[in-house]
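Subject: Structure handover

Hello,

Here is the structure I said I would pass on. Please look through it before you read the notes under it.

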Amino acid sequence: MKPSSQLDIQTFLDSRPFGPFQWKILLLCLTVLILDGFDVVAMGFIAPSLIADWNIPREELGIVMSMGLFGLAIGALMGGPLADRFGRRKVIIVSIFFFGFMSLISAWSPNVEILSLLRFLTGLGLGASQPNAATLASEYAPKKYRSLMVTVVYCGFTLGAAGGGFLANGLIPSHGWESILVVGGVVPILFAVLLCFVLPESAKYMAMKHQHREELQQVVNAIEPGTADQATQFISPEPQRAGKGTIKLILSPSHRLITLALWVGLFMNLLTVYFLNSWLPIIVKDDGFSLADAALVGAMMQVGGTLGNIVIGWEMDRFNPHKVMIGTLIGGAVLTLSLGNLSPGLYGLMALVFMLGFCINATNTGWTAMAATYYPTAMRATGTSWMTGIGRFGAILGASVGAVLLGLKWDFSHLFMFLTLPIGIAVVAAYVKGLYDRKPQVTASTLSKASHS
């Protein structure tokens, strides 16, 4: 084909079919989340062996778990602005190498204090890599597949977590708990090196920044050969941002309400998810089921969540995403009410928890898809990452609230009834997002004001 003299990058990417180049981006970003999922839950795999090896009470590992979650939150808050300033590719590669290195040296931790510090540092890299991988995937996805591509990328997290369980079962008995941290370190480091050669920068980011023209030309021609040459002028409908105003920009009057709705929605969603992830097996066991049955019920939530991640992305690309989110959240609320008021037996409980995991984990990734499609390129990484970082504090609160309520001897019914509260608040947040989402345009003047204010 004849090369274009002028090429609108956004229109070009949105109009392309989902081809080999997009598959490459999807698989690379999916792998980032697989590695993240493995490392985030690594402590859960090694905790029993660590307690036995160090001869410590299990509550002493609580600080290790908490420091990892705090690292995830802070890493997400830092990673977005850095990616909007220096590029998605650099931040993803550096953060993967960083968390891999920190995981590797954690294998030689001499005590709980050092391990806690290293888990916090590992969390910084994990928190920065997750939302930026989703951002990069969304920026290469054709418009009609954008939400699906983001939610499929986040399936990598549960795949990594599940794979880590099988690997731990095989490695720890013969090689000790240190082997999990070594694998969780060496593999990301090697993958970061690979990404240096195969991971492209976001085409939308390069067009907006007017940088790396030759690289942008190569990317465009890799997607559709012969589209661009040295004379092609790359344009973007979004103006180049002024360097330091992205945090203020997502909180500027035209974006503030949507930003706060996204923050509140994911905060409440993650509070619910981590409440269940942390305490569901114990809640089920305390209700009279065996430990094996409790583990089976907990696994059904993750299986349902993985399926839900794929389905909600497909739905959000084809229907009104806000109505999809509201309907799915209401479904989650109905299921918590059912669990709180019924006594369905083991198989009925497994079915209800499967459907609850489908709804709650699906909407968890749905918030990321909504943020990635709402924010313009100038602040997309910041908007998505800050939402993720704020949401992580909801995850910390969810685990803590569960401990408090169990300490107060709340029973199975009351614990599930409680979960209707955060889910209900998330429904309101999704409604507000849909009501006020007018996709305001970013102008050069607003970018300049955000940068210099």
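The notes below cover a few helices and a few single residues.

Please keep in mind that this is a predicted model.

Helix 15

I would start with helix 15, which covers residues 345-374. With 30 residues at 1.5 Å a residue, helix 15 should span 44 Å, and the distance between its end C-alpha atoms is 43 Å, so the two values agree. Of those 30 residues, 22 are buried, so helix 15 is largely enclosed by the rest of the structure.

Leu356 is in helix 15 and has a relative accessible area of 1%. The cut-off for buried is under 20%, so Leu356 is buried. Setting aside neighbours within four places in sequence, Leu356 is in contact with Leu276, Gly332, Leu335, Thr336, Leu339, Asn361 and Phe416. Gly304 is 52 residues from Leu356 in sequence, while their C-alpha atoms are 7.5 Å apart in space.

Phe354 also belongs to helix 15. Its relative accessibility is 23%, so Phe354 counts as partly exposed. Beyond residues up to four places away in sequence, Phe354 touches Met300, Val303, Gly304 and Leu307. One of these, Val303, is 51 residues from Phe354 along the chain, with 6.9 Å between the two C-alpha atoms.

Helix 15 and helix 16

Helix 16 runs over residues 380-407. Its 28 residues should span 40 Å at 1.5 Å a residue, and its end C-alpha atoms are 41 Å apart, which agrees. Just after helix 16 comes Lys409, which takes a positive phi of about 65°.

How do the axes of helix 15 and helix 16 cross, and at roughly what angle? They come within 8 Å and cross at roughly 155°. Angles over 145 degrees count as roughly antiparallel, and helix 15 and helix 16 are therefore roughly antiparallel to each other. Their crossing is right-handed. Helix 15 contributes Trp367, Thr368, Ala371 and Ala372 to the contact, and helix 16 contributes Arg380, Thr384 and Met387. Sorted by class, the contact between helix 15 and helix 16 has 4 nonpolar, 2 polar and 1 charged residues.

Helix 15 and helix 18

Helix 18 is made of residues 420-436. The axes of helix 15 and helix 18 come within 13 Å and cross at roughly 25°. Angles under 35 degrees count as roughly parallel, and helix 15 and helix 18 are therefore roughly parallel to each other. Helix 15 passes helix 18 in a left-handed crossing. On the helix 15 side the contact is made by Ile360, Trp367, Met370 and Tyr374, and on the helix 18 side by Ile423, Ala426, Ala429, Ala430 and Lys433. By class, this contact of helix 15 with helix 18 has 8 nonpolar, no polar and 1 charged residues.

Helix 14 and helix 18

Helix 18 also meets helix 14, which covers residues 321-341. The axes of helix 14 and helix 18 come within 9 Å and cross at roughly 170°. Helix 14 and helix 18 are therefore roughly antiparallel to each other. From helix 14, the residues in contact are His322, Met325, Ile326, Leu329, Ile330, Gly332, Ala333, Thr336 and Leu337, and from helix 18 they are Thr420, Ile423, Ala426, Val427, Ala430, Tyr431, Lys433 and Gly434. That contact of helix 14 with helix 18 has 11 nonpolar, 5 polar and 1 charged residues.

Two other residues

Leu30 is found in helix 2, residues 20-40. With a relative accessibility of 16%, Leu30 counts as buried. Not counting residues up to four places away in sequence, Leu30 touches Val152, Val153, Cys155 and Gly156. Leu30 and Ala137 are 107 residues apart along the chain, and their C-alpha atoms are separated by 9.1 Å.

Ser106 lies in helix 5, residues 88-106. Is Ser106 buried or exposed? Its relative accessibility is 0%, so Ser106 counts as buried. Apart from residues up to four places away in sequence, Ser106 touches Leu115, Leu118, Thr122, Trp177 and Leu181.

Regards

Notes
Residues are numbered from 1 along each chain as its sequence is written. This is a predicted model: local features need pLDDT of at least 70, side-chain atom pairs count only at pLDDT 80 or more; totals for chains, interfaces and linings use all residues. Side-chain values use heavy atoms; hydrogens and water are left out. Helices (H or I, at least four residues) and strands (E, at least two) are DSSP runs, numbered from the N terminus. The expected span of a helix is 1.5 Å times one less than its number of residues. Buried means under 20% relative accessible area, exposed over 50%, partly exposed in between (1.4 Å probe, protein chains only). Axes are lines fitted to C-alpha atoms, for helices over the stretch in contact, and angles run from 0 to 180 degrees between N-to-C directions. Angles under 35 degrees count as roughly parallel, over 145 as roughly antiparallel, 65 to 115 as roughly perpendicular and the rest as oblique. A crossing is left-handed if the near helix is turned anticlockwise from the far one by less than a right angle, and right-handed if clockwise. Contact means heavy atoms within 4.5 Å. Ala, Val, Leu, Ile, Met, Phe, Trp, Tyr, Cys and Pro count as nonpolar, Asp, Glu, Lys and Arg as charged, and the others, Gly among them, as polar.
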